[in-house]
Amino acid sequence: MMRNIIPLPVLIRRLLFLSFFILMINLRTLAQQREYTFNQPGNECYMSYICFAPDTDYLNVKRPFIFILGKGNQSAFQVFSEDTLRNSKQFYHYQFVYIPNKGETPRQKLNCVESLASLVTHNFQYGHINVFFNVNDRDLERKDLIDMGLKSVFKSAILRSEIKDSLSSNQLTDNVFSEFKETEIKDLSKKPKEDIGVYYSEENKDNESGTDSTETKARKIYFGPPSALNYTLTGQVRDKSTGEALPFANVIVKGTTIGTSTNTDGYFTLLKVPTDTSTLIVQYIGYEKAESYLTPATPKKNYIIEVRSQSQNLQNVTVTAHRDEVVFVKKAEVSTIKMTPKKLEMLPSMGEKDILRSFQLMPGVSASNESSSGLYVRGGTPDQNLVLYDGFTVYHVDHLYGFYSAFNYNALKDVQLYKGGFESRFGGRISSVTEITSKEGNSKNINLGGDLSLLSMNIFAEIPVGDKITSFFAFRKSYQGGLYDLIFKKFNTRPSTAATESPDGGRRFFQNQEVTSYFYDLNGKITYKPSERDIISLSIFNGIDKLDNSSASSFSGFGGSGFGGLGLNSTDLTKYGNVGSSLKWSRKWSPKLYGNTILSYSNYFSRRDRSQDRTLFGQNNTSSTSRNGILEHNDIKDYSLRSDYQLDIAEFSQVQFGAFTTMFDVKYSYGQSDTLNILDKNGKAYLGGIYLQDKLKFFNDKLEILPGLRTSYFASTGKMYLEPRASVSYNLTEKIQIKAAYGKYYQFANRVTREDILSGSRDFWILADGKSVPTSSAVHYITGVSYESTNYVLSIEGYYKFINNLTEYSLRVNPSPLGIKYNENFFNGYGYARGLEFLIQKNSGNFNGWVSYSLGEARNHFDAYSDGYYPANQDVTHEFKIVGLYKLRRWDFSANWIFATGRPYTSPSGAYSVTLLDGNTQDFFTVTSKNSLRMPDYHRLDVSASYKLLMGRRGDLKRRELGNISFSLFNIYNRQNLWYKEYTIVESNVIVSNISYLGITPNLTISLKIR
Amino acid sequence: MKLRFLILSILIISSMISCNKSDNSEFTDTPVIEAYLKPGENPVVKIRRQIPFSSVVSYSSDSLNNLDVRIISNNISTRLICVGDTEYIGKSLIIKEGERYDLSFLFNGKTVYAYTNVPSRPTNFAESVKSISLQKTDSTSGPQQMGSMPDPVALTWDNSDGSYYIVVIENMATTLIPIRSFGSREPPGNRFRKAPTTASGLTLMPMEFQYFGKHRLILYHVLPDYAALYNQQESSSLNLTNPSTSIINGYGIFTGLNADTLYIDVLQSTL
């Protein structure tokens, strides 16, 4: 049954071996000095020399250098061993070069110094003014240096032969400090940029001369010695133009592996900043890389770093694997993708810019399901993906049959997708986590904006109130234009309606059809910052879909019959939506302790009524009404309270812990007529628990381990659930990183599939009860390698997941023949998913993009359906995606091509009839083995072009970006990708209708904003 | 070293993946059973094949007329004899109320199995009237006058345990005299039935009768699996579900039932 699957002990052994192997390779590189060889053997200047940078930043050459020549016949290592200068904190940001003393004559001894200095300083990029020479050889005199032409090479030199033995060590030190003091050099960084708003100066791209901007890129202004070493710095990263806090931004000490990322409120804590003259690098997708130079005057608490969104040089790709943003990213998360809505217009869209759709272009997230915005991650289903919106759980993310997601991209600030092996702070789902942070709103200025596309209108407002309150509101509503109708009709092309069937040859016939369908969503957030330590925010989200395809008919009375008339109301109404809200209080209790508490409410409801009301009017004004069809209601209420804390207890250890509690109230009913209620399942249950995890860093932060434990109590089953998890990442080199993760996951609220072969399966949310619906669980094993250079990212990840206690509901199979209890038609099974993901990404230059390939297998095993494993509904074997983005002045062009193996399905295979007791025969139909057939392969090509709208006139020095016009063509070669097959059985023959996804679909979106 | 490591890690990752072939096929030759076990009668089991939708299917080589079909009851195994046309009869076995019957035979390499028991005979089956009178109407006589309809017929029986009951109404006349003109429609048959119910009674509307004459009212005490056939019939045909049965490795119905009968006269009123 489980053949071909590696047993757990073997897997663990392999991983242990792997870890040991890596450790051995890297122990030798832990020493900080670096030894190099100069020239080839036989060359006059062939030698070994040693470089040492106290701040470990070996790449930076815009810094002071001290060259130290050893005593007679000393090797570089001997010089290095005897040297004490490098321990002075004044020289922390210097680089030392230890030169061996070779030869007998001064000429031999000094012959190669200049060429070595030129090499090491990259031809004196920082000038000669900060290059110093320390000569320990008593035999060498200043005259010798002058003779060798070294006077112009070094700013100053200290010679041992000139130092009087009577000098005290203090005097000696003072002398060295004054001789080797760094001299300020004007920053040579590029032209400065404007501060507020996003500006574009493509018209002046050849004009590199400076502007009269009031603000410039941060530049080094302090050249003195540091006043603090290895200290703790706390602060916040914000958007320069809006003041919006930026979550999950990377903050790294330049030239080191020391780094962290900001939390959801944009706060960060760096526990061992080497000096207060270090440089911080802040990286956030869609924003320019910012460098922040620390000085002793820089606040060590609440230090605000502001970064600006990309304007002129839009070179980075919008979407990028989190680990893959830049070479020096220190974050060591496994299977994490991060995205910001900035520049989302660059990617082709299906009518609406949609951030969840964009995730589907990454490996491991299936892109072939146009009818689901919910993410199918690594063989998991959308309900197994936890969607957190500002801290509350969103249970249903689809608009308009799933073609669009419920999230208005204008309202979003940041989205993180954890594809598997996620941390202990998340729970309640067995596949993945999507963590969405909405915008707080501009804290500096009022901003208004909106979009108009062929599908919807979208407006937003950002209104700051005083210094402490910001607010953000967005509203989007569809209108029933061509695109809406196109999708709506796809779902509502029923072959016949009851209204055309007139029983007993009615004489008159009326049909009224008034259909109103729409979706809307509303996002709001008010953030109040009463102090520098506290943030209180209230976030509200509401989205509704109403899909109505009802009709009404009436028939007049029939001659001679007993009827007075017949009314026929055909209802086809689906209404669903989410209402959610969270109240969050974040507080920085101390520089090392940060916590937030979230009180939230989330409600998902779905009412589906696809039925006919038949009203019989008697002649004596009596009437009787009966209703037949499908009546399906689902309602979830989730009341939650949780607190999360992070405590930096040591420079190598950050402990995160928290507690959570949820009260679930889930109702589901499914009926086929007003008298035949097939299933009624209501559940109320309490879930509570705690978690603890510790982010540990070792070996200069090269090794990061995150063990964690989550434990929950679920009242419905009365059991405790333990979820041990761990992830490891290791920087093999600066460019190669390996990672692995393991985790156990439980899910208490499940979306159960109600199997329906003919008209498509449906899902409903239900609580685990420990009996017919057990608590589902999964175990993840993940390992991967990534390689990152400045321009490219390569990543390979493999995963294996075993999933237990899956539940499906089917009327096709009957568990108890001598008693029909539809409540028992739940079937349980297990399954596994495994796969490999490859990603090659080019993330610089005007032309960039990525290629991804996923090889996957998702298998389920339900005794009720099959004796063995069968392909799960969401199984896709091969998925290949290529995304290309090209920037040309004000234009952004993009194209993507997607190929995916068709999904499995089950179809009717035959028919039989049974003679009933009243003499009639009834036909029944049989189906193929579960999911034994495959849809044709899915593929499509999308393209888009976006043009920036700028304020001002052509030729203006700088023009503010006002918005953009984007045009996209979805499915450009009009591939008829199969969505599902609908079967109509007419006189024991099956008529198959192929329902396709969208064909070629153009869209035009105009986006405008005042800031 | 790095290269070796990369290869090693790729190997480890790859080893988590390997091929797994599934043996699912499009059509499975699964037999269809039809058997109603009535007390006092010999068991009759019809075994047939499904009609495949696809023309390219492979059937089992087993002959439907040559199966070893057995029913076990009270530890006694009775072999059913094929009397032709894939119909099997257990001539030495008389079905008894309250007994359990287990059916099994081998087909297409699988044991087909089903079981059922025979429910009790309905008790206290009663009707509110023995006869009703209806006016004959034709296409020229126009609508009936108000108040001319007789009261509905109430049928009652005992049902303390919420069992399923079905009423089938059968006109016993050899020549059917329609109550109403059917116009161009095809005349309905001489039988109609009411939906399965777990109640202890139901009403027959006078307008449900199509023909004059003596009618047999058969009240079947059925098992839920049989009632489910009707539920399926009533639901949309788009809802593809097989009837809930006890049959393993087969389709159809294998169920016990028991019945009681009353009569009612539908008279032509002379008004």
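Domain bounds here come from an automatic or database domain assignment. This is a predicted model, in which local features need pLDDT of at least 70 and side-chain atom pairs count only at pLDDT 80 or more, while totals for chains, interfaces and linings use all residues. Residues are numbered from 1 along each chain as its sequence is written, and chains are lettered from A and ligands numbered from 1 in the order in which they are written.

**The chain and its domains**
- Chain A holds eight helices and 55 strands; these are DSSP runs numbered from the N terminus, with helices (H or I) of at least four residues and strands (E) of at least two.
- Of its 1011 residues, 47% count as buried, meaning that 20 or more other C-beta atoms, placed from the backbone, lie within 10 Å of the residue's own.
- The assignment for chain A gives domain 1 (34-179), domain 2 (218-317) and domain 3 (344-491 + 507-1009).
- Between domain 1 of chain A and domain 2 of chain A, the C-alpha centres lie 33 Å apart.
- Nine residues from domain 1 of chain A and 10 residues from domain 2 of chain A make up the contact, where two residues touch if their C-beta atoms, placed from the backbone, lie within 7 Å.

**A six-stranded sheet**
- In chain A, six strands form an open sheet with mixed pairing, in the order β1-β2-β4-β3-β5-β6; two strands pair if DSSP finds at least two bridges between them.
- Strands β1 (34-38) and β6 (156-159) of chain A stand at the edges with a single partner strand each, so one side of each has no neighbour in the sheet.
- On average, neighbouring strands of this sheet are turned by 20 degrees against each other, direction ignored; axes are lines fitted to C-alpha atoms, for helices over the stretch in contact, and angles run from 0 to 180 degrees between N-to-C directions.
- β1(A) pairs with β2 (residues 47-52) of chain A in the antiparallel sense over five bridges, and Phe38(A) stands opposite Met47(A) in β2(A).

**The helix on the sheet**
- Val113(A), Ala117(A) and Val120(A) are buried in α4(A).
- These residues share one side of α4(A), because they cover an arc of only 70 degrees around the axis, taken from the directions from the helix axis to the C-beta atoms.
- The cover over the buried residues of α4(A) includes β2, β3, β4, α3 (106-110) and β5 of chain A.
- Just after α4(A), His122(A) has a positive phi of about 55 degrees.

How values were computed:
A residue is buried if 20 or more other C-beta atoms lie within 10 Å of its own, exposed if 12 or fewer, and partly exposed in between; C-beta atoms are placed from the backbone.
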